[in-house]
Amino acid sequence: MTRAEQKEERRKAILMTALTLFVERGYYDTKIADIAAAVPMSTGLMFHYFESKEELLLELVKMGVEGTKVADQVPDLPPDVFLTGFLTQLFAYAKQQPWVFNMFVLMGQVRRPGMPEEARKLALSVKTVEGTAELIKAGQKAGTFHKGGALLMSRCFWSSVQGIMEEMAMDKEMKAPDPEWIVAILR
């Protein structure tokens with residue numbers, strides 16, 4: 001492994017460790033020294049990778065924002081088929097890559113008041129709810145989804161997904177629900 005590859009591996013280890021600790025302990029109750037000890041590395045060495053805990057958080061939120069772009073890529077499928085397939089893939093991927101559950105939790109936490117403002121603004125810039133509302137409108141027009149406020153329906157849909165991801169982050173043995181159950185709230 002080259003030196004550059006080693007550095008990138010160490011950087012990833014720091015990010016995944018910070019993600020886990022931020023979710024388990026909370027951002028403010030996690031110290032840089034806690035992250036360094038869990039990696040393991042010295043606190044001083046960690047500052048060669050990230051200048052501050054806030055920079056670490058911001059990098060994680062950027063990863064979370066990037067991950068949400070997948071939900072914005074809507075193929076030419078009926079909205080219910082797309083959402084069911086999307087959830088099937090999301091749950092399967094998250095089971096293979098458990099950090100995804102933690103990312104959902106972290107993104108939900110960072111959106112709340114009191115978090116570092118730059119990270120919070122970035123997390124709030126995600127417009128998945130609004131994009132899904134457009135899908136819901138298309139489904140309503142096609143008669144697939146029931147009538148109602150598309151934005152509220154989208155919020156309810158994504159709130160259920162958020163809650164499922166949070167439960168699965170806490171209970172590693174929990175099985176993913178059938179995506180049809182979640183899409184059914186729109187029908």
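Visitor: Which pattern does the chain follow when read along the sequence?

Guide: Helices (H or I, at least four residues) and strands (E, at least two) are DSSP runs, numbered from the N terminus. Here the pattern is α-α-α-α-α-α-α-α-α-α, with 10 helices and zero strands. Please note that this is a predicted model, in which local features need pLDDT of at least 70 and side-chain atom pairs count only at pLDDT 80 or more, while totals for chains, interfaces and linings use all residues. Residues are numbered from 1 along each chain as its sequence is written, and side-chain values use heavy atoms, with hydrogens and water left out.

Visitor: What percentage of the residues of the chain count as buried?

Guide: Buried means under 20% relative accessible area, exposed over 50%, and partly exposed in between (1.4 Å probe, protein chains only). Of the 187 residues in this chain, 42% are buried. One case is Ser154, found in helix α9 (residues 150-170); Ser154 counts as buried because its relative accessibility is 0%.

Visitor: Which residues does Ser154 touch, not counting residues up to four places away in sequence?

Guide: A contact means heavy atoms within 4.5 Å. By that rule, Ser154 touches Thr128, Val129, Thr132, Ala133 and Ile136. For the chain, 65% of the contacts with a separation of 6 or more are between residues 24 or more positions apart.

Visitor: How many salt bridges does a search of the whole structure find?

Guide: Side chains of opposite charge can pair when their charged atoms come close. A salt bridge is a side-chain nitrogen of Lys or Arg within 4 Å of a carboxyl oxygen of Asp or Glu. The search finds six. In one of them, Arg11 pairs with Glu59, with the closest N and O atoms 3.5 Å apart. Arg11 belongs to helix α1 (residues 3-25) and Glu59 to helix α4 (residues 53-72), so this pair ties together parts 48 residues apart in sequence.

Visitor: Where do Arg120 and Glu117 lie?

Guide: Both lie in helix α7 (residues 117-124), three residues apart, about one turn of the helix. Arg120 counts as buried, at 18% relative accessibility, whereas Glu117 is partly exposed at 41%. Elsewhere, salt bridges that share partners join Asp80, Glu180 and Arg187 into one network.
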